[in-house]
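Here is a set of questions about how terms are applied to a structure. Each answer sets a value beside its definition.

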Amino acid sequence: MANIGVQFAARGALLRLVAFAALGAVAGLGQAPFDLWPLTILALGVVFAVYLQALSRRQTVFHAWAFGFGYFAFSLRWIVEPFLVDIERHGWMAPFALFLMAAGAAIFWALAAWVASRLAPRSPVMFALALVGAEVLRSLILTGFPWALLGHVWVTTGLAQVVAYGGPHLLTLLTVLCGLAVAALMGPARIVGLVVLGLVLALSFVLRPGPAGQPSGDLPIVRLVQPNAPQEQKWDPAFTDVFLRRLTTYSAEGPVPDLVVWPETAVPYLLNHIDDDLGFLADSARGAPLVFGIQRRDAAARAYNSLVVVGPGGAVQSIYDKRHLVPFGEYMPGARLLGQVGATGLARNLGVGFTPGATPGPVDLPGIGAAVPLICYEGIFAEEITYGDTRPRLLLLITNDAWFGEAAGPHQHLAQARLRAIEQGLPMVRVANTGISAMIDPKGRITAALPLGVDGAIDAPLPAALAATPYSRWGDLPVVLMVLLFIFGGYFRARRDSD
C-alpha cells in the first residue's frame, strides 16, 4: 500500500481517470441505503495518498474531477427517476441529467484540487481542507445542492451527533480527517494515522445514543398518514379520489390523535377550489388539527406549493408556501424564454411551475405548539432552518418522494431529515407520500416509521424537544471560519517552508 500513489502515477492518463472515477463510486457506498462509511474513508485515503505524488497541477485537477464524477454519478443515481415517470416525454433526458449533475458537482472538487495546488502544492492536508470548502460552496452556489455531502456517510453512527455542535460541514471535516489518517497508514506516519482514527472512532462510540426510552404518557400523539400514490397515478383523474379516500379513511380510524399529518400535495386539487370540501377533510381528523400539502394560486394567478393547517369545521388556520423550490422541477430558470420552446419542467401541470413563498415559518399547531414547516427539498438545507425568538416544538416535513423511486433517493432524503433533527435538538414529523414516513427524535433516532411502498397510518408520540443546540444558535459560521483559518495557516506554512 505504501507505493499506491506511485502505481497510480505510472498508469496512462485515461486509465487513471477511470480508476479515480471507480474510487469515487466506492466512496459513494457510504451514502444511504448502503451506509458503508469505511469504504468512503478508505477511498479518500487512497486519493490523498496519490495526491502526494509529483503530479502536475492539471493532472491533479482532472483526477479530483474524475473522483467526484464517480462519487456523484453513483450517489445521485436516483436523479433519473423523475424523468421516467412520463418516460415518453422526459425519458430521453435521464442519462443527460445524471451525467450533467455528476459532472457539474464534480467541478467543485476539481476546484478544491486547483486551489490546494496553488496554495500548498502536493499537500494532501490542504486538498482535504479545500474539499471541505468546496462542499460548503456546493451547498450554497446557484441556490445550493447539499445532497450526498461527504459527512452524510456518518448518519447511522454516533458521530452524527456532532452536527448539534457544528452542522453537516463539521461532519465533512471529520470525514476528510479520517481519509488523511488512512493515507498516513500508507506511509511513514502510521502511528499518527492510527491515533487519529482511534480518536474519531472512540468519539463516535461515546456519542452514540442508546435506544430511545419509553415515551411518557402525556406526549401528544401524531398520526402519520401515507397514501402510497405512485407518481404516474397521482394526478390521474381516475385515481385521485382513490388516494384521497385512503387519507380520510386512515385518518378517521381508531383513537383520536392530537395531530393528523398528510404528505406533500396530498390533496390533488387547488386550495382555491375546495372551500366547500375542507369541512369534509377536517372531519376525518375528528377535531384534531389536520396538516396537508396542496397547491394554490393567489390573486395574481401565481402558483404555490403549500402546507395548510386546517382546524375543526375546515377553517384554514395557517398556510405556508414552499420557499426553496427545485430548479427545473418546480420552476424553470429563465422560464419566459424556455417556455416559448415548450420547456416547462416536471411541474408542468401548473404552467412554468411554482412561485417561491415569501413568509417563513413557524406555523402554529393548536394544542401542540409552533412547528418549523418544511416541504420536501427544503429538508436538505440545514442553514435555512430558522425561526424567531420563540423556540419551536418540532420540525414538520411533508414530502412526495415518489419522484425518487424506491432505491437510493428516499433513503438519502430520510437520512438528511435525521441530521436536521439532531442539528436543532427538535423532533421531526416526516410524512412522505410513498414512504418513508417517520417520527424522528432529537437524537436522530427513528421511533416509528412506515416503510416504502405501503399505504397506511401510524400513531406515534411526539418526543420532547431538547435545549437549543449550539448549531441552532451559530449555524455554519464557526466551522467555516475554522476551515478558512486552517487553510490560511497551511498556506503561510507552505510559503515559509519554500523560502
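Q: Which residues does V132 touch, not counting residues up to four places away in sequence?
A: V132 touches H169, T172, L173, V176 and V483. Touching, or contact, means heavy atoms within 4.5 Å. The model is predicted: local features need pLDDT of at least 70, side-chain atom pairs count only at pLDDT 80 or more, and totals for chains, interfaces and linings use all residues. Residues are numbered from 1 along each chain as its sequence is written, and side-chain values use heavy atoms, with hydrogens and water left out.

Q: Why is V132 called buried?
A: Buried means under 20% relative accessible area, exposed means over 50%, and partly exposed lies in between (1.4 Å probe, protein chains only). V132 has 1% relative accessibility, so it counts as buried.

Q: Where is V132 found, and how is such an element defined?
A: V132 is found in helix α8, which covers residues 124-138. Helices (H or I, at least four residues) and strands (E, at least two) are DSSP runs, numbered from the N terminus.

Q: At what angle do the axes of α8 and α17 cross?
A: The axes of α8 and α17 (residues 477-498) come within 10 Å and cross at roughly 145°. Axes are lines fitted to C-alpha atoms, for helices over the stretch in contact, and angles run from 0 to 180 degrees between N-to-C directions.

Q: Which residues make the contact between α8 and α17, and how many are nonpolar?
A: On α8 the contact is made by M126, L129, A130, V132, G133 and V136. On α17 it is made by V480, V483, F486, I487, G490 and Y491. These divide into 10 nonpolar, two polar and no charged. Ala, Val, Leu, Ile, Met, Phe, Trp, Tyr, Cys and Pro count as nonpolar, Asp, Glu, Lys and Arg as charged, and the others, Gly among them, as polar.

Q: What makes a set of residues a nonpolar core?
A: A nonpolar core is a set of buried Ala, Val, Leu, Ile, Met, Phe, Trp, Tyr and Cys residues joined through side-chain atoms within 4.5 Å. The largest one here has 80 residues, of which F48, F67, W109, F127 and L131 touch the most other members. Helix α9 (residues 163-185) gives the most to this core, with 12 residues. A second, separate core of 23 residues includes L224, V309, V431 and M439.

Q: What does the side chain of T40 reach, and is T40 buried or exposed?
A: The side chain of T40 reaches the backbone nitrogen of G30 at 3.4 Å. A polar contact is a pair of N or O atoms within 3.5 Å; within protein, one must be able to donate a hydrogen and the other to accept it, and residues adjacent in sequence count only if both atoms are side-chain atoms. T40 lies in helix α3 (residues 37-51) and, at 0% relative accessibility, counts as buried.
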